[in-house]
Number of protein chains: 2
Amino acid sequence: MNPKIVLRIISYLLLIVCVFMLTAVVVAIFFNELEEAKIFAAVVGVTVFIVGSFLFWTRSSSQPHPSFKDGFLFVTGSWVIVALFGALPFYFSGAIPSFCDAYFETISGFTTTGASILTEIQSLPRSILYWRSLTHWLGGMGIVVLTVAILPLLGVGGLQLVKAEAPGPTVDKITPRIAETAKYLWYIYLGMTVVETLLLMCGGMDFLDSLIHTFGTLATGGFSTKNGSIEHFNSAYIDWVITFFMVAAGMNFVLHFRLLTGQGRSLLKNSELKAYLLIFVTATLMIAWILNLQVYPAFKDALRYSAFQVASILTTTGFVSDNYEAWPHVAQAILFLLMFVGGCSGSTGGGIKVIRLVTLFKQAINEMKYLIHPKAIFPLRLSGRVVSKNIVYAISGFFFLYITILLLVTLAVCLSGVDLLSALATALATVGNIGPGFGLVGPTKNYAHFADPIKWLLSFAMLAGRLELYTVLVLFTPIFWKR
Amino acid sequence: MNPKIVLRIISYLLLIVCVFMLTAVVVAIFFNELEEAKIFAAVVGVTVFIVGSFLFWTRSSSQPHPSFKDGFLFVTGSWVIVALFGALPFYFSGAIPSFCDAYFETISGFTTTGASILTEIQSLPRSILYWRSLTHWLGGMGIVVLTVAILPLLGVGGLQLVKAEAPGPTVDKITPRIAETAKYLWYIYLGMTVVETLLLMCGGMDFLDSLIHTFGTLATGGFSTKNGSIEHFNSAYIDWVITFFMVAAGMNFVLHFRLLTGQGRSLLKNSELKAYLLIFVTATLMIAWILNLQVYPAFKDALRYSAFQVASILTTTGFVSDNYEAWPHVAQAILFLLMFVGGCSGSTGGGIKVIRLVTLFKQAINEMKYLIHPKAIFPLRLSGRVVSKNIVYAISGFFFLYITILLLVTLAVCLSGVDLLSALATALATVGNIGPGFGLVGPTKNYAHFADPIKWLLSFAMLAGRLELYTVLVLFTPIFWKR
């Protein structure tokens with residue numbers, strides 16, 4: 001293990017984030033928010049000075065190849081430290097006077113959760129809101145690169161599958177070369193950002209709002225500039241644009257790459273994509289039907305609100321276009337179920353992820369076959385390829401850990417006197433990186449009312465959920481620290 | 001597959017249950033409930049006639065050895081048919097005028113769930129209450145024999161572990177010989193019944209109440225003769241006696257056998273037992289502490305109510321000695337977590353079962369070790385023995401299926417307009433064979449308010465949960481019916 005190398009890599013990452021924070025200075029100046037401009041500039045300045053000094057002083061040290069363990073340290077460490085840095089403008093500008101709150105909001109941003117402690121959003125400076133949503137966008141990009149290029153190398157939670165799923169143009173070329181993969185995905189992400197921003201502007205949103213909501217969409221984050229989230233705009237066009245891009249952001253970005261390079265046919269064979277779209281369409285139609293019967297007399301309204309909210313919860317975005325807690329119980333139950341699912345692997349979505357659920361489902365079916373034919377062999381196939389037992393094993397372990405952590409977080413949240421359903425929804429919404437849930441964290445509420453220790457715990461839950469649990473939890477095992 | 005043989009075996013089982021129903025005739029006569037006595041006698045008479053004729057007519061058919069598939073048909077078929085038979089007295093006596101309700105109550109009895117549709121229990125004839133609880137006792141005994149002796153042979157849901165755990169006096173002797181195993185366990189069950197009944201009588205309960213509550217305890221069922229369940233008696237002595245026997249009933253009955261035959265030391269090595277007791281003690285102390293702070297100023301009261309309710313939910317009994325929905329949220333959250341656990345394998349308890357959770361926990365830890373040392377081998381040990389990968393595989397499949405079915409039942413219950421928490425609690429309480437839950441199925445409520453289709457669904461959920469899911473679900477796969 002070599003913490004110095006890890007810190008050096010994180011330092012480079014911080015410098016990149018500093019460059020992006022400079023855009024917040026531009027936004028601040030443009031909107032004449034000079035106080036904020038100074039603070040953003042100061043944070044960048046001090047950070048560059050400290051990080052630069054560190055890099056300079058450690059430049060001569062010998063640099064062995066980073067080990068497996070360094071990989072884990074880097075992944076968790078980078079999210080923790082970058083969020084620490086990102087929280088500073090909120091704290092020093094007085095937009096979020098409590099540091100605990102500021103950190104919560106920032107880690108919620110970088111983990112693309114979108115859980116907020118802000119009760120009054122619209123009165124905040126525009127540059128602060130811009131930075132708040134930029135954390136989503138950066139975190140989202142980070143997570144795609146992480147799951148497509150880094151986690152498979154570390155073998156976390158069965159995500160070797162992503163490697164198998166992501167061979168790109170030539171099988172051996174795209175996967176192992178992190179820089180190359182990252183570059184292609186970056187282009188796609190950037191392209192989608194431009195397109196969605198333009199489309200939202202066509203719907204009458206101003207440029208900054210369009211950009212900020214695009215950040216929230218593509219990162220499946222969910223921070224908005226309005227207290228009422230997307231409901232504020234009350235536009236079917238905007239709802240449908242965001243719905244479309246949420247669904248796209250919940251897909252494996254490697255598939256977007258294939259689609260763009262004319263390999264669209266291979267998508268038809270992709271087990272995860274098929275299951276993902278099936279879940280989306282089924283849930284949307286079911287809820288639309290229920291809403292049509294009981295809430296919205298016009299089917300197109302029912303379909304619009306249903307598709308939006310299903311996409312928002314399924315992809316773990318967390319935008320709200322209608323108060324779904326006022327919907328019939330069964331519609332709420334479907335959303336509750338979707339909170340367990342999440343996006344596709346290699347997307348910006350959180351949750352358990354569709355590929356894991358498909359694997360476990362196929363395995364459960366296989367187990368039934370084994371009951372009847374104990375001596376036979378039933379291979380488990382995904383997208384036509386046989387999945388190795390070790391991967392299924394890792395996924396099973398992940399699923400158990402996920403449910404266990406959900407229940408433990410529920411218990412901890414109840415400690416602060418919160419009722420059971422709210423606590424369970426809080427756990428699902430944070431570990432699954434969704435944002436809003438039910439009850440005290442419902443679509444019209446937020447996370448402000450929790451006590452500080454619970455906020456720290458939830459910050460940890462968001463981080464662990466975002467980084468596929470194992471990446472973070474492994475740091476708490478004695479075996480990790482043994483030489 | 002040979003349905004005729006299966007029906008013949010179930011017929012013998014029905015004849016045994018008929019013998020037990022005759023005791024209800026005795027109870028009815030003793031309490032001068034002549035109408036009920038006639039009905040019980042008539043049901044027995046007609047059943048013996050029909051079953052006898054069937055056995056007579058099929059006596060000459062050749063009898064091949066029952067196959068694997070016959071085993072599955074027998075297990076599910078016996079519970080379904082015996083419950084059908086057991087529901088008749090409720091229906092014909094008018095105690096439960098709706099057949100759907102009568103079947104629900106009976107399957108709830110035989111699956112040792114204890115979910116009731118009766119709103120006014122105390123006004124019912126004593127013989128009817130006796131028969132209602134006798135279904136618990138018979139079902140409980142059935143399930144112990146099933147999990148210790150039959151399911152391991154069928155290899156359901158990783159319960160081969162029970163076989164490994166249950167070697168008895170000489171490893172090769174007790175397990176394969178179903179009749180022998182059943183006999184020993186039967187003695188233990190009977191002995192515990194006598195002791196608990198006597199102890200409850202010492203606490204001032206009358207003989208019949210003592211017997212009925214013993215049935216409910218040892219089967220981890222939960223039917224009571226009082227509207228207020230055990231709270232009615234308001235006796236610390238009775239609470240503690242029942243607590244003790246609930247905990248005992250939640251243990252593997254093979255361990256009781258070992259304890260009685262002087263092999264108590266081997267219990268100390270049993271992973272499942274250690275985890276089970278650890279969960280019981282930890283949860284009890286946590287809730288007692290919370291209750292002591294906020295509800296009961298005397299610690300002994302807090303401990304009494306806590307221990308009782310923890311034992312009741314953990315072992316999936318479902319007796320209630322205090323309205324736990326009035327407890328602080330965190331105490332409720334702990335009970336909610338316990339609803340996922342269940343008793344030990346080879347006990348009368350339902351739920352996921354401690355042994356499966358221990359296995360999954362150890363596997364999740366192992367997966368972390370593999371992350372750090374991918375090439376190393378970390379065997380998974382239970383009670384000092386290495387567990388084969390295939391068993392862990394089967395258990396993982398079971399866990400996923402359990403959570404999936406919980407969520408699907410939740411969704412279905414929501415369809416009838418029930419709120420989310422109540423629906424989830426209903427799913428947990430039926431699939432886990434617990435009985436009471438939270439919200440609309442809370443400790444002071446019951447299942448009467450559900451619509452008939454939901455009651456049928458919940459009857460199915462109780463059955464599937466009781467028979468380790470796979471046993472029932474496998475019947476719905478096409479591969480099962482293929483020649």
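Mentor: Happy to! Helix α16 of chain A covers residues 389-415, 27 residues in total, and it spans 39 Å from its first C-alpha to its last, close to the 39 Å expected at 1.5 Å a residue. Please keep in mind that this is a predicted model. Of the 27 residues in α16(A), 22 are buried, so the helix is largely enclosed by the rest of the structure. After α16(A) comes A:Gly417, which has a positive phi, near 90°.

Helix α8 of chain B, residues 178-202, contains B:Tyr189. This tyrosine has a relative accessibility of 0%, so B:Tyr189 counts as buried. What does B:Tyr189 touch, leaving aside its neighbours within four places in sequence? Its contacts are B:His136, B:Trp137, B:Gly140, B:Met141, B:Leu218, B:Ala219, B:Phe253 and B:Thr348. Take B:Gly140 from that list: B:Tyr189 and B:Gly140 are separated by 49 residues in sequence, while their C-alpha atoms are 9.3 Å apart in space.

In chain A, helix α8 also takes part in a surface feature. A nonpolar patch there is made of A:Val194, A:Val195, A:Leu198, A:Leu199, A:Met201, A:Phe207 and A:Tyr237, which together have about 600 Å² of accessible area. Helix α8 of chain A gives the most to this patch, with 5 residues. A:Phe207, another member of the patch, belongs to helix α9 of chain A, residues 207-218. The relative accessible area of A:Phe207 is 48%, so this residue is partly exposed.

Now for the charged pairs. Side chains of opposite charge can pair when their charged atoms come close. Over all chains, the structure has 16 salt bridges. In one of them, A:Arg132 meets A:Glu105, with 2.7 Å from N to O. This pair links distant parts of the chain, since A:Arg132 sits in helix α5 (residues 126-154) and A:Glu105 in helix α4 (residues 99-110), 27 residues apart. Both A:Arg132 and A:Glu105 are buried.

B:Lys455 and B:Asp101 are both buried.

A:Asp301 and A:Lys300 form another salt bridge, with 4.0 Å between the closest N and O atoms. Here A:Asp301 is partly exposed, at a relative accessible area of 24%, and A:Lys300 counts as exposed, at 64%. There is also a network of salt bridges that links A:Lys353, A:Arg356 and A:Glu468.

Finally, how do the two chains relate? Chain B is superposed on chain A by a rotation of 180° with 0.0 Å of shift along the axis, at an RMSD of 0.0 Å. The two copies are therefore related as by a two-fold rotation axis. The same surface serves both copies, as 100% of the contact residues of chain B recur in chain A.

How values were computed:
Residues are numbered from 1 along each chain as its sequence is written. Chains are lettered from A and ligands numbered from 1 in the order in which they are written. This is a predicted model: local features need pLDDT of at least 70, side-chain atom pairs count only at pLDDT 80 or more; totals for chains, interfaces and linings use all residues. Side-chain values use heavy atoms; hydrogens and water are left out. Patches are made of residues with over 30% relative accessible area and no salt bridge: like charges are joined within 9 Å, nonpolar side chains (Val, Leu, Ile, Met, Phe, Trp, Tyr) within 5 Å. Accessible areas come from the Shrake-Rupley method with a 1.4 Å probe; for residues, only the protein chains shown count as cover. A salt bridge is a side-chain nitrogen of Lys or Arg within 4 Å of a carboxyl oxygen of Asp or Glu. Helices (H or I, at least four residues) and strands (E, at least two) are DSSP runs, numbered from the N terminus. Buried means under 20% relative accessible area, exposed over 50%, partly exposed in between (1.4 Å probe, protein chains only). Copies are superposed by least squares on the C-alpha atoms of residues with pLDDT of at least 70 in both. Contact means heavy atoms within 4.5 Å. The expected span of a helix is 1.5 Å times one less than its number of residues.
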